[in-house]
Amino acid sequence: MKIKKIALFGIVMLFSIMTCTAQDKLFTLEELNFGGKNYRSLLPQNMWLTWWGDQLMYQDAEEGGTIDPKTGKKQRCFTLEQVNQLLPAEVNGKKLHSAFSATYPYPENPLVLLTSSSFQLLYHFKDKKITWLQMKDQADVTEWNKTSKALAYVKDHQLWICDAQGENAQLTTDGSREIVYGQAVHRNEFGITGGLFWSPDGQRLAFYRMDQSMVTDYPQVNIYTHSATYEPDKYPMAGETSHQVTVGVYDLLTKKIIYLNTPVATEFTDAPVYFTNITWSPDNKTIYMFELNRSQNDCRLVSYDAETGERKAELYRETSDKYVEPMEPITFLPWDSNLFVMQSQRDGYNHLYLYNTQGQLVRQLTKGAFVVQAFLGFNHKDKSVIIVSNEVSPIQRNLYAVQVKNGKRTRLDNGRGSHHATLSATGQWLYDRYSEPSVPRNIDVVNTSNSHSYRLLTADDPWEDYQQPVFECGTIKAADGITDLYYRMVKPHDFDASKKYPTIIYVYGGPHAHNVEASWHYMSRSWETYMAQKGYVLFILDNRGSENRGRDFEQATFHQLGQVEMQDQMKGVEFLQTLPYVDMNRLGVHGWSFGGFMTISLMLNYPDVFKVGVAGGPVIDWKWYEVMYGERYMGTPQNNAEGYEKISLINKAGNLKGKLQIITGYNDNTVVPQHCLSFLDACIKAGTQPDFFAYPGEEHNMRGHASVHLHERITQYFEDYLKGKK
């Protein structure tokens, strides 16, 4: 017995040593950063999936096919090699290079749509033949309709149509950098991501026309020509002249364009100037969209006749003493074209409302102190709506089926974590990619009628062999003493509570974003892992003003950006002061964009608290930010002069005490370089000494390997000045 015990002890010890060695690898930025050479090696295993009707399909780089949701068994339907061998001479030797973008637009037919930059085709994967092919010009944007097979695209500023027979027609002649057709307008605010909208039958195309000739040019410069060249960007700043948008409709049968008879607004009137969330009626005859005044406090859902362009009716109006922000188009019920679902925050949280086409409220479909975060579609058979909400917890994303007839909600997932799902054509099934704080990724296939599910993938932990930091999550009270705020803390893998650690607050803090979520590692950024490995504690807090907590939580910052946010972040600092392992003499702060604004705000308003800061792409004075975003939260510099003055960082430049590094993309077209340069000028005049670094050719975020360089630079700044080396 003694010999056996010793042997067992030896085996246990050997296993422990092996385990320790296996988990002793250190992370590098080339692995952790998305621009790194080995970035994908640390991502959880995944699958590329899509739907053919209610049949689940897999996609790889070279092939695609069916997959059994119960067993995971794959059956190949096509390979790129098979399809490329059938390509006709008209493609001029060009080939398909990826199957990842394959779609199956016709649930009743075994056809796969495959696209390249030069052409797109339909391949019949049972008969093994190409049934249709359409050549594509090099275009800025494209939008294809599966019913008519017509392709709308923008080339050399002009709007074009290519019909199913391959005939190209140029629709416009006055397009330019000042007259913009078929692209996103209003600087991608209000949920706008594109500017081409096909009717369901593909016979009419709605499109944006944006006249920005009256908008001031921001003088961007291209340094990569022999002599640097002037490449201006149209940038409407808060309180200044903005662009004018109209909505056109092209009819493929009449080959004519008409424009919707939308109100014509002059500067700073209460007439609508923003047109968003364009939707077609199921019968192809009516266009619906939300219209918003420049103050963004008066929102109307309006219908237009698609044939004449005349205004038909105002179906809904919502006003606010702060702002209304339509983000999603209305969606018609598949089984009743007289009813549609609309989203609104009018009761304090984003919820679903059922309306008829006369503008009468039928019922509120969801209600409660939670946010509907996504509308996924319908289960046609059960007549239910499939949504994502944070009803379980403010930091979770869970799936629900909501009965249209009575609003009854049924949860479709395990009640934990963060779920992202895609519905099948009928809504009977969905595939659900989800994670939890300790679960890298699972993929389930779920029956939305009965919540039964099949596990398709359980991903291993790709960090298993590394020294992983400690990830924690909790809540503190906001500065109002009432509201719970969620935080994430990241600690070194060998954390010792008896030691003192330099600590960095990572901050964003602005609207339409959050940092703490019940996904893998509580949604921690990989740079936090890198810094924890170097011996830092990281603290991340979602203050009031951030998303997914309801209208009043987000609108608490109205007309005074940065003020309530700083108050809440300082409550985070008070919490850190209670932790014996946080070295308050070595407290740093870092953020990008709105987070860059917050970083410098904290450094200047609390100069004795923060020793080191790194601010990327920071807003310095909101009068230099763009109209749509800036005026929503701050009004104009003319009607809120006191608010703009209060939050401007220019007059606080003399308060700087700690070490501050400011980083920007030299060609940032979101937070233009005027912000950073003006702040540097103010610091020169005040006698303070920030550091500055610019990335030539980069815009608001560093792309590719420049991102690795960026995070090396950020890291080194904290190493040099927060750890006390210099």
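Contact here means that heavy atoms lie within 4.5 Å. With that in hand, let's work through some exercises together.

The model is predicted: local features need pLDDT of at least 70 and side-chain atom pairs count only at pLDDT 80 or more, while totals for chains, interfaces and linings use all residues. Residues are numbered from 1 along each chain as its sequence is written, and side-chain values use heavy atoms, with hydrogens and water left out.

**Exercise 1.** Describe the surroundings of Glu63: which residues does Glu63 contact, leaving aside neighbours within four places in sequence?

*Solution.* 
- Step 1: locate the residue. Glu63 sits in strand β3, residues 63-67. Strands are DSSP runs of E with at least two residues, helices are runs of H or I with at least four, and both are numbered from the N terminus.
- Step 2: check accessibility. Glu63 has a relative accessible area of 17% and is therefore buried (buried is under 20%, exposed over 50%, partly exposed in between, with a 1.4 Å probe and protein chains only).
- Step 3: list the partners. Beyond four places in sequence, Glu63 is in contact with Tyr58, Arg76, Phe78, Thr79 and Ala99.
- Step 4: look for polar pairs. The side chains of Glu63 and Arg76 make a polar contact of 2.9 Å. Such a contact is a pair of N or O atoms within 3.5 Å; within protein, one must be able to donate a hydrogen and the other to accept it, and residues adjacent in sequence count only if both atoms are side-chain atoms.

**Exercise 2.** Is Gln428 buried or exposed, and which side chain does the side chain of Gln428 meet in a polar contact of 2.8 Å?

*Solution.* 
- Step 1: Gln428 lies in the loop between β33 (418-423) and β34 (429-436).
- Step 2: its relative accessibility is 16%, so Gln428 counts as buried.
- Step 3: the 2.8 Å polar contact joins the side chains of Gln428 and Ser449. The side chain of Gln428 also makes a polar contact with that of Asn447, at 2.9 Å.
- Step 4: not counting residues up to four places away in sequence, Gln428 touches several residues, including Asp54, Asn379 and Lys381.

**Exercise 3.** Describe how helix α6 packs against helix α7.

*Solution.* 
- Step 1: Two packed helices are described by the angle between their axes and the distance between the axes.
- Step 2: read them off. The axes of α6 (residues 563-577) and α7 (residues 594-605) come within 11 Å and cross at roughly 70°. Axes are lines fitted to C-alpha atoms, for helices over the stretch in contact, and angles run from 0 to 180 degrees between N-to-C directions.
- Step 3: identify the residues. Glu565, Met566, Gln569 and Met570 of α6 meet Phe594, Met598, Ser601, Leu602 and Asn605 of α7.
- Step 4: sort them by class. The residues of this contact are five nonpolar, three polar and one charged. Ala, Val, Leu, Ile, Met, Phe, Trp, Tyr, Cys and Pro count as nonpolar, Asp, Glu, Lys and Arg as charged, and the others, Gly among them, as polar.

**Exercise 4.** What are the phi values of His157 and Arg187?

*Solution.* 
- Step 1: His157 has phi near 75°, a positive value in a residue other than glycine. His157 lies in the loop between β9 (151-155) and β10 (158-162), and counts as partly exposed at 38% relative accessibility.
- Step 2: phi of Arg187 is near 50°, a positive value in a residue other than glycine. Arg187 is in the loop between β12 (179-181) and β13 (196-198), and is partly exposed at 25% relative accessibility.
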